[in-house]
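Hi everyone, thanks for making time today.

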Amino acid sequence: MATGFYKVPKAVNEAVKSYASGTQERKDLLDTYKKMYNEQVDIPFYIGGKEYRTGKTIDIHPPHDHKHTVGKYHTAEKEHLELAITEAIKARKKWAATSWEHRAAIFLKAAELLAGPFRNKMNAATMIAQSKNVMQAEIDAACELIDFFRFNVEFMTEIYNNQPQSSPGIWNRMEYRPLEGFVYAITPFNFTSIAGNLPAAPALMGNVVIWKPARSQVYSANVIMEIFKAAGLPDGVINMVTGNSSMITDVILNNAEFSGVHFTGSTPVFNSFWETIGKNMNNYKSYPRIVGETGGKDFIWAHPSANAQEIATAISRGAFEYQGQKCSAASRAYLPKSLWGAIKKAVLKDVNSFKMGSPEDTSNFINAVIDDRAFTKLSGYIDQAKKDADAEIIVGGGYDDSVGYFIEPTIIVTTNPQYKTMCTELFGPIITIFIYEDDQWEEILDVLDNTSEYALTGAIFSGDRYVIDIATDKLENAAGNFYINDKPTGAVVGQQPFGGARGSGTNDKAGSVWNLLRWVSNRTIKETFVPPTDYRYPFLEE
Ligand SMILES: NC(=O)c1ccc[n+]([C@@H]2O[C@H](COP(=O)([O-])OP(=O)(O)OC[C@H]3O[C@@H](n4cnc5c(N)ncnc54)[C@H](O)[C@@H]3O)[C@@H](O)[C@H]2O)c1
Ligand SMILES: N[C@@H](CCC=O)C(=O)O
């Protein structure tokens with residue numbers, strides 16, 4: 001029981017290590033990578049703290065070397081899901097009653113374990129399974145997840161501190177109860193940090209969770225489970241299940257104790273969840289919380305007053321880091337004719353200098369896309385662009401899956417602002433650019449706003465403050481994360497709370513008070529110290 005109003009350590013963003021040539025940190029990480037690459041892991045799923053191995057396994061292959069195997073994971077059956085629900089509900093009573101400082105301490109410890117003894121293992125796992133280069137692994141799997149753990153603890157105390165007014169003789173209190181039931185966390189392949197945060201955030205607020213990671217992220221998800229265990233998270237609080245996503249989701253969304261979903265992934269999958277939840281509404285104990293951060297068609301727009309070199313760098317990094325597999329990646333750009341020559345020259349110089357290959361070779365800026373499905377889809381769009389009269393590939397356009405799923409960073413220039421790849425989320429290293437006449441800069445903002453169903457991230461570039469003002473206003477609903485003179489990727493926890501609206505999700509801003517508020521169900525308590533003993537108003541005579 002808390003016997004003080006404790007202050008939690010001030011959250012600070014984890015410093016990004018450089019892994020520069022000749023450093024010990026680089027040597028240690030690459031040694032860990034090599035060791036793990038040559039081992040075979042046998043990954044169970046976890047229910048109530050126990051490890052389950054069904055023998056029904058799926059092999060794990062690095063995307064950049066898909067004939068190589070680094071292990072396998074076991075898949076759950078329907079009865080395991082039912083058991084996971086039972087175990088989660090069993091764990092709920094004790095966990096929900098655990099004092100907040102103990103919940104905080106577990107996740108603060110998880111942050112320190114990840115910052116220290118687990119850092120190399122987590123980064124190496126993300127490099128191997130998700131084909132991230134050293135820097136992309138470090139900013140995601142280490143720094144962003146550490147930040148989620150630390151900042152969420154601080155945000156939790158901000159929420160708990162938010163208390164109503166009281167009046168003489170009365171004490172009003174707000175109790176931030178966890179949801180009644182269990183939360184389903186379902187996570188994407190592309191960010192290890194999101195995979196860790198989606199189960200951790202509801203758990204921090206006192207909820208019990210069933211977590212299903214994406215199949216291509218199970219390898220690094222298993223390291224997250226190791227950290228939770230090492231941090232002292234009690235059995236049954238976070239249960240990680242792996243296997244057929246439709247079956248798992250079906251069992252969970254049909255259970256009366258289902259109290260919320262914490263999803264990040266594609267828009268169609270989230271929409272299907274919403275539909276199923278709607279159909280099952282009468283079966284649940286409470287209205288479930290539905291939180292989903294989904295797809296994007298993120299933009300860069302530049303005004304003739306902008307700096308061409310800055311735009312070129314924003315494209316090189318914003319569209320191609322991690323092979324464009326960030327929900328925030330720039331995938332369409334609207335550029336003025338007067339700047340296009342200079343931007344094109346600078347961006348082609350960058351792209352032609354990119355090296356592509358395994359993350360083990362740290363000179364590779366580009367690695368593989370996640371799997372054969374992504375490879376087939378992306379190469380299909382490239383082939384189509386090669387045929388279409390209103391599209392021209394000015395760099396890239398090659399692909400090769402003989403060793404790994406490699407797609408060259410590709411720039412398509414189109415004369416049609418509604419060209420397919422200006423509208424559809426591709427989720428790969430392809431950006432499509434529309435060049436507009438300089439005097440059309442204002443009307444092109446309307447085209448941009450009306451082109452895609454999404455509204456996740458977007459960047460505007462201009463040297464003219466009045467233009468910045470107009471564009472910010474016109475694009476008010478076009479992006480949940482809006483950047484002025486910067487690329488549209490790289491949101492940092494505690495600095496740029498992340499999420500979008502329209503088809504990009506419920507915009508509950510991962511790693512913020514607004515997200516954590518979704519995982520509590522408030523109870524207002526009014527306590528009266530000297531209750532009245534007579535029903536009559538003072539002015540009523542006897
Ligand atoms: N807005 C954000 O914050 C954000 C962040 C990261 C990724 N994303 C989005 O995620 C997508 C890429 O990730 P992904 O390929 O892993 O997404 P995905 O939608 O394919 O998968 C997400 C999760 O849903 C599961 N899933 C897939 N199909 C399912 C089905 N029919 N029934 C039940 N579960 C199912 C997957 O196994 C995975 O765990 C992109 O659209 C990207 O924009 C969004
Ligand atoms: N923090 C990340 C989130 C990306 C989602 O896939 C960014 O802003 O790039």
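Predicted model: local features only at pLDDT ≥ 70, side-chain atom pairs only at ≥ 80, totals over all residues.

Let me begin with a definition: two strands pair if DSSP finds at least two bridges between them. Helices (H or I, at least four residues) and strands (E, at least two) are DSSP runs, numbered from the N terminus. With that in hand, in β5 the bridge partner of I43 is Y73.

Residues are numbered from 1 along each chain as its sequence is written, and chains are lettered from A and ligands numbered from 1 in the order in which they are written.

β1 pairs with strand β5 (residues 71-74) over three bridges, in the parallel sense. They belong to an open sheet of three strands, ordered β1-β5-β4, and its pairing is mixed. Why is one side of β1 and of β4 left without a neighbour in the sheet? Because β1 (41-43) and β4 (57-60) stand at the edges, each with a single partner strand. From one strand to the next, the twist averages 20°; for angles, axes are lines fitted to C-alpha atoms, for helices over the stretch in contact, and values run from 0 to 180 degrees between N-to-C directions.

Now the other sheet. Five strands make an open sheet with parallel pairing, in the order β9-β8-β7-β10-β11. At its edges are β9 (238-240) and β11 (289-293), each pairing on one side only. Here the twist averages 15° from one strand to the next. Strand β8 (residues 208-212) runs parallel to β9 and is joined to it by three bridges, and V209 stands opposite I238 in β9. Helix α8 (residues 245-253) packs on this sheet, touching β7 (182-186), β8 and β10 (258-264), and its direction makes about 160° with that of β8. Contact means that the C-beta atoms of two residues, placed from the backbone, lie within 7 Å.

On to domains, whose bounds come from an automatic or database domain assignment. The chain has domain 1 (24-294 + 505-523) and domain 2 (298-484), with 31 Å between their centres, taken over C-alpha atoms. Across the boundary, 17 residues of domain 1 are in contact with 20 residues of domain 2. On the domain 1 side, α1 (24-37), α4 (119-130) and α5 (134-161) each give two or more residues.

Last, the ligands. A residue counts as near a molecule if its C-beta atom, placed from the backbone, lies within 6 Å of it. Which residues come nearest to ligand 1? Of the 29 around it, they are P188, G265, S266, E293 and C327. Helix α8 returns here, giving the largest share of that shell, three residues. Domain 1 and domain 2 each supply at least three residues to the shell around ligand 1.

Around ligand 2 we find N190, F191, K326, C327, S328, T489, G490, A491 and F498. That shell divides into four nonpolar, four polar and one charged, where Ala, Val, Leu, Ile, Met, Phe, Trp, Tyr, Cys and Pro count as nonpolar, Asp, Glu, Lys and Arg as charged, and the others, Gly among them, as polar.
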